[in-house]
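Walk through this model one residue at a time, then step back to the whole chain. Keep the sequence and the coordinates side by side.

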Amino acid sequence: MLYRQGKEVVRAEGAVQGGLTTRGTFGPVLSAVIIDNLRSPLQWHGWESGPNGAIAVFQFHVEKKDSHYSVSFPIGGLRSGRRTGYQGEVGIDPDTGTILRLVLESDPVLGSHFIGHGDIMLEYGSVVIGGKAYTCPVRGVSMSTGSYRMGWHKTVAFILLDDVVFTGYHIFRSEMRILPE
């Protein structure tokens with residue numbers, strides 16, 4: 001859904017839309033957080049109630065110098081982006097060690113004319129693919145805020161929200177046999 005000047009703009013299915021690019025948002029972000037936290041260890045925060053019992057919650061803070069997280073916004077054919085520090089939390093199933101939730105809040109992106117913040121929440125759950133259960137992302141929310149100048153006298157503020165439910169997982173595998181001559 002796209003809003004311009006306070007009105008909803010309806011687009012044809014599959015139309016290309018500019019704006020927030022969440023490249024890698026819901027996939028590689030977990031590995032980036034794990035790598036970044038090798039220098040900035042997790043801190044115990046406490047217990048929360050989850051749908052299947054208790055969840056162990058750990059908090060983290062990653063300085064910009066140790067971060068692999070960047071926030072960008074394409075406008076006018078250019079991409080304004082900056083690497084930034086961030087903080088957040090990870091929720092873990094204490095019985096299995098499975099990550100159930102990841103929350104990441106970026107530090108303010110200073111020096112950018114476009115992005116102010118770029119935040120992510122990712123929930124993981126059990127998904128059956130090809131008869132076997134895997135832990136996969138089941139929902140992700142990405143939100144960016146900021147502003148940009150249009151001309152000399154007009155500044156436009158924005159909030160971009162991407163709320164995704166992951167479904168339709170498929171298995172990708174192959175089999176091979178080597179036959180003697």
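D107 sits in the loop between β8 and β9 (115-129); strands here are DSSP runs of E with at least two residues, helices are runs of H or I with at least four, and both are numbered from the N terminus. The model is predicted: local features need pLDDT of at least 70, side-chain atom pairs count only at pLDDT 80 or more, and totals for chains, interfaces and linings use all residues. Residues are numbered from 1 along each chain as its sequence is written, and side-chain values use heavy atoms, leaving out hydrogens and water.

Is D107 buried or exposed? D107 is buried, because its relative accessible area is 18%. Buried means under 20%, exposed over 50%, and partly exposed in between, with a 1.4 Å probe and protein chains only. Leaving aside residues up to four places away in sequence, D107 touches H61, V62, T84, G85, Y86, Q87, G116 and H117. Contact means heavy atoms within 4.5 Å. G118 is 11 residues from D107 along the chain, and their C-alpha atoms are 8.3 Å apart.

Now move to R101. This residue belongs to strand β8 (residues 99-106). R101 is buried too, because its relative accessible area is 15%. Which side chains make polar contacts with R101? E48 does, at 3.1 Å. E89 does, at 2.9 Å. A polar contact is a pair of N or O atoms within 3.5 Å; within protein, one must be able to donate a hydrogen and the other to accept it, and residues adjacent in sequence count only if both atoms are side-chain atoms. Beyond four places in sequence, R101 touches E48, V57, E89, V90, G91, M121, L122, E123 and Y124.

M143 is another case. It lies in strand β10 (residues 132-150). M143 counts as partly exposed because its relative accessibility is 34%.

Step back to the whole protein. It has 1 helix and 11 strands. Along the sequence, the pattern reads β-β-α-β-β-β-β-β-β-β-β-β. Of the 181 residues, 34% are buried. Among contacts with a separation of 6 or more, 47% join residues 24 or more positions apart. The protein exposes about 12500 Å², and carbon and sulfur atoms supply 56% of that area. Accessible areas come from the Shrake-Rupley method with a 1.4 Å probe; for residues, only the protein chains shown count as cover.
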